[in-house]
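Me: I have a chain open here and would like to talk it through with you. Could we start with how its parts pack together?

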Amino acid sequence: MSKDKNLATQQLLGEILTARAVDRLGEGFHADVVDHDPVPGAPAGVEGIKAFWSDFFTAFPDVDLAVETLVADDDHVTAVFTISGTHTGPFQGHEPTGKSFTVRGIQVGRFDDDGLLVERWGATDEAGLQQQLGLS
């Protein structure tokens, strides 16, 4: 495994998300990626990752994801990020509020020898997001 290869995959994933090219997420995630923090009811593997981002982009089409810090070694990349957007589509059973949010999050990814993300752990300030949208 290679720190540089892992960082290159992380960069590619950022470019794919910026382009809203959800169908391309398999270029960086292994098909059978283990998501330790999935959305309840999400499919397993990369299909669950795709479903999450597809739903998120529908709810927040102007979403902006800004990486603040990246830390990498030969097996893992940890990203600390700020995510923001405006609620203009359905989200987790809630109709659009037109309100905006900005919250922080963290993701840790483990990569295989091919530089694909095979395991992920993540947390985003969901309570802050819900509060800013007036959903809690």
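Reply: Before the packing, one term: contact here means heavy atoms within 4.5 Å. Please also keep in mind that this is a predicted model.

Me: Let me step back to the whole chain. How many helices and strands does the chain have?
Reply: The chain has three helices and five strands, and along the sequence they follow the pattern α-β-α-β-β-β-β-α. The radius of gyration is 15 Å, close to the 14 Å that the globule rule gives for 136 residues, so the chain is as compact as a globular protein of that length.

Me: What box do the C-alpha atoms fill?
Reply: Taken along the principal axes, the C-alpha atoms of the chain fill a box of roughly 45 × 30 × 25 Å.

Me: What share of the residues counts as buried, and what share of the contacts comes from residues 24 or more positions apart?
Reply: Of the 136 residues, 39% count as buried. Among contacts with a separation of 6 or more, residues 24 or more positions apart account for 57%.

Me: Which side chain does the side chain of Gln107 make a polar contact with?
Reply: The partner is the side chain of Arg120, at 3.0 Å.

Me: Which other residues does Gln107 touch?
Reply: Leaving out residues up to four places away in sequence, Gln107 touches Gln10, Val77, Thr78, Ala79, Phe81, Leu117, Trp121 and Gly122, as well as Arg120 itself.

Me: New topic: backbone angles. What is phi of Arg20?
Reply: Although Arg20 is not a glycine, its phi is positive, at about 60 degrees. Arg20 sits in the loop between α1 and β1, the latter covering 29-35, and it is partly exposed, with a relative accessible area of 33%.

Me: What about phi of Gln92, and where is Gln92?
Reply: Gln92, also a residue other than glycine, has a positive phi near 50 degrees, and its place is in the loop between β3, residues 76-86, and β4. With 52% relative accessibility, Gln92 counts as exposed, because the cut-off for exposed is over 50%.

Me: One last residue. Where is Gly14 found, and how far is its C-alpha atom from that of Leu25?
Reply: Gly14 is found in helix α1, residues 3-18, and it is partly exposed, with a relative accessible area of 30%. Gly14 and Leu25 are 11 residues apart along the chain, and their C-alpha atoms are separated by 9.8 Å.

Note on methods. Residues are numbered from 1 along each chain as its sequence is written. This is a predicted model: local features need pLDDT of at least 70, side-chain atom pairs count only at pLDDT 80 or more; totals for chains, interfaces and linings use all residues. Side-chain values use heavy atoms; hydrogens and water are left out. Helices (H or I, at least four residues) and strands (E, at least two) are DSSP runs, numbered from the N terminus. The radius of gyration is taken over C-alpha atoms; the globule rule is 2.2 Å times the number of residues to the power 0.38. Buried means under 20% relative accessible area, exposed over 50%, partly exposed in between (1.4 Å probe, protein chains only). A polar contact is a pair of N or O atoms within 3.5 Å; within protein, one must be able to donate a hydrogen and the other to accept it, and residues adjacent in sequence count only if both atoms are side-chain atoms.
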